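Here's a quick tour of a protein fold, written for someone just starting out. Have the picture open and follow along.

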Amino acid sequence: MNFILKEESRILLIAVLFGMVWTIGCTSVKEKNNILVLKGATLYNGTGSNAVENSIIVIKNDQIDCVGSDEDCNPPQDATVKDISGKYITPGLIDAHVHFFQTGFFDSRPDAMDLRDTYPMGEVIAYQQQHPQRYYDAYVCSGITGVYDVGGMSWSVPMQISAEKNPQAPHVAAAGPLITPVSGAPFDLPSDKVLVPLNSKESGIQTVQYLSALGATGIKFWQLDADNEDYMERVEAAAQEIEKQGNKMIAHATTLKQAKAALQNGTKLLVHSVQDREIDQEFIDLAKREGTLYNPTLIVGSGYMLAYRAAAGIAPLTVEDPNGCIDPKTNKLLATASQFSDHPTFTKGFKERLKSFDPDSDRVSSTNMKNLKKVYQAGIPIVVGTDAGNPGTLHGISIYEEMEWMQEAGIPPHDLIVMATKNGAMAMERLDDFGTLEQDKLANLIILEEDPAVDISNMRSISHTMIKGEMKKVGGY
Ligand SMILES: [Zn+2]
């Protein structure tokens, strides 16, 4: 056993040296016949009910045929049985806030730092569109079996269908382009766009009709001009059309005033924390009335600071990635970040601010943390979403740190499991298919070495991801 472990670490070392760890870290261990039984693990089924010790799950093709405690299921004789006693199972994780058009660095966010001389926007975005597999692999490698792209170019919407058919991809929900008061975004292309200005009631209604026909899961409003009565009348008209289309409203509304305006118009998913002040009873009442899901995105803001520091040559962007989930192109992009250290973005004052930023103490905003606790105590359903793709917030592995900070805010890890699984599937409108481990649902699950209900950091002890019934070894365990 010892020898095998040593041999494995030797292979891993060689793999790292040759930059190949990514492919090795995600090898598939598909079963020979189509019925697999996992027995002996402690199971959290995602509904929030108590752990099932000594559990059994019977997986037939890509579905859960039976799940329960030892005596609940009678698997057929010829099933492949894996005894995984001592390990832990949860549903596959869901990152309910990602952006496939974004790379994790500034090349896809020229509004934050313009690198278009080095990385032409058209080329960056075309690559993002044509190569989603590297992110699919990063997600599955991190235990994520469903992602919700809550804003991107129109090409993100058909990814819902292509990813569904792809056995190597998580399930994808996508909202597509966003409705906004902002105009002239530098990340729009002549042929496609992320932001659609809400110039009139008619244009808003048409945008809602177009995106709904395209198949968008939700229509997102990116900021609300809450003080502008005329603008809010346009929002109201668009919101009514959303209801007519049987779609749902999503909002990026980061001030209390904006968030309340969004809720008054029927928003079902808030994709960020309320950041400017503590929430009040009116906010809570409105969110409860609408059955709104709350996605705090605690780490994305400081992710920008970390990415700026890397670009300024102050400190490299270091990420914990022991399982080699990050793809080589992203690693290279980050490793060469400091080539921009003389970029005009870095004025003297800004460089000083970046130097004084402390990744430990300044990682999250205290208002966001307080509001998350209040939302939790009020019983508003919460989802886990990272805003992956933004500079400094990488696709896949960012989910661990996001959940760790949510725990730090006061959410018990047992409840966090539900937020990262069932509630995410609810946001994606896919709870009938996955998100919990129950009979007839898709077999999307993860196997862990340590108990995630004791400490959510134990999500990092992942050894396997099962996606659409196919088991993949992902961790170094
Ligand atoms: Zn976002």
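Helix 6 (residues 201-214) and helix 7 (residues 229-244) pack with their axes 8 Å apart, at an angle of about 30°. That makes the two roughly parallel, a label for angles under 35 degrees, with over 145 being roughly antiparallel, 65 to 115 roughly perpendicular and the rest oblique. Keep in mind that this is a predicted model, where local features need pLDDT of at least 70, side-chain atom pairs count only at pLDDT 80 or more, and totals for chains, interfaces and linings use all residues. Residue numbers start from 1 along each chain, as its sequence is written.

**Helix pairs**

- A few ground rules: helices (H or I, at least four residues) and strands (E, at least two) are DSSP runs, numbered from the N terminus.
- Axes are lines fitted to C-alpha atoms, for helices over the stretch in contact, and angles run from 0 to 180 degrees between N-to-C directions.
- Helix 6 and helix 7 make a right-handed crossing; a crossing is right-handed if the near helix is turned clockwise from the far one by less than a right angle, and left-handed if anticlockwise.
- On the helix 6 side, Lys201, Gly204, Ile205, Val208 and Gln209 meet Glu233, Arg234, Ala237, Ala238, Glu241 and Ile242 of helix 7; contact here takes C-beta atoms, placed from the backbone, within 7 Å.
- Now look at helix 8 (residues 256-264) and helix 9 (residues 281-290), whose axes come within 9 Å and cross at roughly 30°.
- Helix 8 and helix 9 are therefore roughly parallel too, but this crossing is left-handed.
- Helix 8 brings Leu256, Ala259, Lys260, Leu263 and Gln264 to the contact, while helix 9 brings Glu282, Phe283, Leu286, Ala287 and Glu290.

- Strands of a sheet pair through backbone hydrogen bonds, either parallel or antiparallel.
- Two strands count as paired if DSSP finds at least two bridges between them.
- Strand 1 (residues 35-39) runs parallel to strand 5, and four bridges link them; valine 37 has valine 81 of strand 5 as its bridge partner.
- Strand 3 (residues 55-60) and strand 4 are antiparallel, with six bridges, and isoleucine 56 stands opposite glycine 68 in strand 4.
- Strand 3 and strand 4 form a hairpin with two residues between the strands, where asparagine 61 has a positive phi near 55°.

- Strand 2 runs parallel to strand 6 (residues 88-91), and two bridges join them.
- Threonine 42 stands opposite tyrosine 88 in strand 6.

**Spots in the loops**

- Is alanine 41 buried or exposed? Alanine 41 counts as buried because it has 25 C-beta neighbours inside 10 Å; the cut-offs are 20 or more other C-beta atoms within 10 Å for buried, 12 or fewer for exposed and in between for partly exposed, with C-beta atoms placed from the backbone.
- You'll find alanine 41 in the loop between strand 1 and strand 2 (42-43).
- Leaving out residues up to four places away in sequence, alanine 41 touches Ser55, Ile84, Ser85, Lys87, Tyr88, Ile89 and Ile447.
- Lysine 468 sits in the loop between strand 17 (462-467) and strand 18, and it is buried, with 22 other C-beta atoms within 10 Å.
- Phi of lysine 468 is near 50°, a positive value in a residue other than glycine.
- Glutamate 429, in the loop between helix 16 (422-427) and strand 16 (445-448), has a positive phi as well, near 60°.
- With 14 C-beta neighbours inside 10 Å, glutamate 429 counts as partly exposed.

**The whole chain**

- The protein chain has 16 helices and 18 strands.
- Buried residues make up 49% of its 477 residues.
- Its C-alpha atoms fill a box of roughly 70 × 50 × 40 Å along the principal axes.

Notes
Contact = placed C-beta atoms within 7 Å.
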